[in-house]
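Please walk me through this protein chain, from its overall layout down to a few individual side chains.

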Amino acid sequence: MKNRSEVTEFILLGIPHTEGLETLLFVLFLPFYACTLLGNMSILVTILSANRLHTPMYFFLGNLSVFDMSFSSVTCPKMLLYLMGLSPLISYKDCVSQLFFFHFLGSIECFLYTVMAYDRFTAICHPLRYSVIMNPRVCMALAVGTWLLGCVHSSILTLLTFTLPYCGPNEVAHFFCDIPALLPLACADTSLAQRVSFTNVGLVSLVCFLLILVSYTRITISILQIPSTEGRRRAFSTCSAHLIAILCAYGPIITVYLQPTPNPMLGTVVQILMNLVGPMLNPLIYTLRNKEVKTALNKVLHRTNHVPVI
């Protein structure tokens with residue numbers, strides 16, 4: 001890839017139309033990133049330390065916390081350094097790595113939401129067989145499968161983007177290396193890369209969304225058949241956090257990648273929300289709506305002499 005390109009480094013132009021606001025944005029974004037790391041780490045430590053949370057549902061929630069921390073860390077540190085006034089340059093190899101891991105972790109999150117929907121479907125529609133169907137071996141296989149599928153998906157997108165030659169200019173009109181910002185800089189025909197990346201992202205998103213939709217349709221039918229009002233309320237409460245997280249994840253994907261002519265400014269705003277706000281919200285969504293997690297987190301904080309969660 002490097003031999004076909006004259007460009008050895010790219011210049012990240014950052015967030016458009018924010019000249020002179022770098023310090024303000026740094027002060028605004030840093031707490032979001034810190035809360036993302038702290039919140040997801042708290043969820044992960046709580047799940048690992050509480051025996052009652054060693055179930056498939058919380059196993060996948062722990063995986064989601066790891067991916068949220070990693071996903072946010074792919075782009076946010078470089079953006080914060082740029083906002084501090086440090087160099088906006090990123091080497092060719094680092095740009096390749098950033099794009100690969102961004103789509104690798106982003107696709108894993110989509111696959112994880114699908115697996116979590118299947119887990120909720122099994123728990124609600126087949127409660128007597130749940131422990132047999134979702135045994136530790138199956139859970140581990142599903143988790144590893146998300147890694148492998150994410151790697152294949154991201155490898156295709158990365159190869160399509162960086163097998164193209166980049167002869168200059170090297171100014172990326174974005175705050176990180178991503179396909180829509182890099183393809184206009186290629187000095188070759190990018191129509192194949194655009195079509196395949198659009199199809200690839202669209203296919204992964206559509207298949208995952210349809211599987212989630214099927215799972216929750218079956219879940220809704222099963223919940224409506226529960227005779228007690230309290231039983232229906234508890235079942236809906238268990239699934240509502242997952243549905244909120246899914247809406248927060250799929251909205252940005254549709255806005256940024258599945259539009260024929262996306263608005264650059266709108267895409268940047270949505271990307272910031274996806275990189276900073278989404279990963280920070282997941283711990284709040286799952287913690288505030290889940291009594292088991294709040295109880296376990298209280299115990300962890302009590303043991304470490306911190307203020308308990310209300």
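The protein chain holds ten helices and three strands, where helices (H or I, at least four residues) and strands (E, at least two) are DSSP runs numbered from the N terminus. Read from the N terminus, the order of elements is β-α-α-β-α-α-α-β-α-α-α-α-α. The model is predicted, so local features need pLDDT of at least 70 and side-chain atom pairs count only at pLDDT 80 or more, while totals for chains, interfaces and linings use all residues. Residues are numbered from 1 along each chain as its sequence is written, and side-chain values use heavy atoms, with hydrogens and water left out.

Of the 310 residues in the protein chain, 47% are buried; buried means under 20% relative accessible area, exposed over 50%, and partly exposed in between, with a 1.4 Å probe and protein chains only. The chain exposes about 15600 Å², 70% of it supplied by carbon and sulfur atoms. These areas come from the Shrake-Rupley method with a 1.4 Å probe, and for residues only the protein chains shown count as cover. Among contacts with a separation of 6 or more, 78% are between residues 24 or more positions apart, a contact being heavy atoms within 4.5 Å.

Helix H3 (residues 92–125) contains histidine 103. Histidine 103 counts as buried because its relative accessibility is 6%. Its side chain makes a polar contact of 2.9 Å with the side chain of aspartate 178. A polar contact is a pair of N or O atoms within 3.5 Å; within protein, one must be able to donate a hydrogen and the other to accept it, and residues adjacent in sequence count only if both atoms are side-chain atoms. Cysteine 151 is 48 residues from histidine 103 along the chain, and their C-alpha atoms are separated by 8.7 Å.

Serine 107 is also found in helix H3, and is buried, with a relative accessible area of 4%. A polar atom of its side chain lies 2.9 Å from the backbone oxygen of phenylalanine 104. Leaving aside residues up to four places away in sequence, serine 107 touches Gly150 and His153.

The aromatic rings come next. The whole structure has 14 aromatic pairs, counting rings of Phe, Tyr and Trp (its six-membered ring) with centres within 6.5 Å; planes under 30 degrees apart are stacked, over 60 edge-to-face, and the rest tilted. Phenylalanine 10 and tyrosine 166 are edge-to-face because their planes stand at 85 degrees, with ring centres 5.8 Å apart. This pair links distant parts of the chain, 156 residues apart: phenylalanine 10 is in strand E1 (residues 9–12), and tyrosine 166 is in the loop between helix H5 (136–162) and strand E3 (171–172). Phenylalanine 10 is buried at 0% relative accessibility, and tyrosine 166 is buried at 0%.

Phenylalanine 100 and phenylalanine 101 form another edge-to-face pair, 5.2 Å centre to centre with 85 degrees between the planes. Phenylalanine 100 is buried at 17% relative accessibility, whereas phenylalanine 101 is partly exposed at 40%. Phe100 and Phe101 belong to one aromatic cluster with Phe67, Phe104 and Trp147.

On the surface, Leu206, Phe209, Leu210 and Leu213 form a nonpolar patch with about 360 Å² of accessible area together. Patches are made of residues with over 30% relative accessible area and no salt bridge; like charges are joined within 9 Å, and nonpolar side chains (Val, Leu, Ile, Met, Phe, Trp, Tyr) within 5 Å. A salt bridge is a side-chain nitrogen of Lys or Arg within 4 Å of a carboxyl oxygen of Asp or Glu. Phenylalanine 209 is found in helix H7 (residues 191–224) and is partly exposed, at 37% relative accessible area.
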